[in-house]
Amino acid sequence: MQTKLDQIANQHHMQLLKALLPHLPMNRQRSFSILIKTIEIRNVVDYYNHAADFIHRGTDADNESNMQANEGFQECAIQETTTENTPGGGSEEAAEGENPSALLDILADIRQYCDEEDREMIDQVLQMISMIELYKVCAESGS
């Protein structure tokens, strides 16, 4: 399973190059491996350069088509930019835990890469957050 960053760095053709690696002569494997990692770094840099253009200029056809495969990253970046542009930067809200949906999204993304024990712990945290939210709703309706 790949993270969103791995998906950006390792586009389809990169997996093909990596699969080819063990079939190369040993004296070529090192330089070919370095080439692969260099291309991965370039892919990540290119992605963030285009993401910055996409966020600041709005959508155009070229950027939009390049970004659709990595929509989750884009949504987080756009939310972060929007929060930063609000008075006060939104940092107090995040620090106080007023945005549990962001935390839920983070935990859901992380959970899929955890082992069983860590998944159980994340599930417990998610249940606690749900109980806290339910308590807040009940307290607000009671006042």
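The structure is a predicted model, in which local features need pLDDT of at least 70 and side-chain atom pairs count only at pLDDT 80 or more, whereas totals for chains, interfaces and linings use all residues. Residues are numbered from 1 along each chain as its sequence is written, and side-chain values use heavy atoms, with hydrogens and water left out.

The secondary structure of the protein chain amounts to 8 helices and 0 strands, and the order of the elements from the N terminus is α-α-α-α-α-α-α-α. Of the 143 residues in the protein chain, 17% count as buried, where buried denotes a relative accessible area under 20%, exposed one over 50%, and partly exposed anything in between (1.4 Å probe, protein chains only). The protein chain exposes about 10700 Å², of which carbon and sulfur atoms supply 57%; such areas come from the Shrake-Rupley method with a 1.4 Å probe, and for residues only the protein chains shown count as cover. With a contact taken as heavy atoms within 4.5 Å, 44% of the contacts in the protein chain between residues at least 6 apart in sequence join residues at least 24 apart.

Side chains of opposite charge can pair when their charged atoms come close. The structure holds 6 salt bridges, each defined as a side-chain nitrogen of Lys or Arg within 4 Å of a carboxyl oxygen of Asp or Glu. One of them links Asp46 to Arg42, with 3.9 Å between the closest N and O atoms; Asp46 is partly exposed at 32% relative accessibility, and Arg42 is partly exposed at 48%. In helix 8 (residues 116-142), Arg119 and Glu116 are 3 residues apart, which means that about one helical turn separates them, and their side chains meet in a salt bridge with an N to O distance of 3.5 Å. Arg119 has a relative accessible area of 26% and is therefore partly exposed, as is Glu116 at 45%. Helix 8 also contains Lys136 and Glu133, again 3 residues or about one turn of the helix apart, and the salt bridge between Lys136 and Glu133 has its closest N and O atoms 3.8 Å apart. Lys136 is partly exposed at 32%, and Glu133 is partly exposed at 30%.

The structure holds 1 aromatic pair. This pair consists of Tyr47 and Tyr48, whose rings lie 5.1 Å apart from centre to centre with 85 degrees between the planes, an edge-to-face arrangement. Rings of Phe, Tyr and Trp (its six-membered ring) are paired if their centres lie within 6.5 Å, and planes under 30 degrees apart count as stacked, those over 60 as edge-to-face and the rest as tilted. Tyr47 is buried, with a relative accessible area of 7%, whereas Tyr48 is partly exposed at 41%.

Finally, Leu103, Ile106 and Ile110 make a nonpolar surface patch of about 260 Å². Patches are made of residues with over 30% relative accessible area and no salt bridge, like charges being joined within 9 Å and nonpolar side chains (Val, Leu, Ile, Met, Phe, Trp, Tyr) within 5 Å. Ile106 belongs to helix 7 (residues 100-111) and counts as partly exposed at 48% relative accessibility.

Methods:
Helix = DSSP H or I, 4+ residues; strand = E, 2+ residues; numbered from the N terminus.
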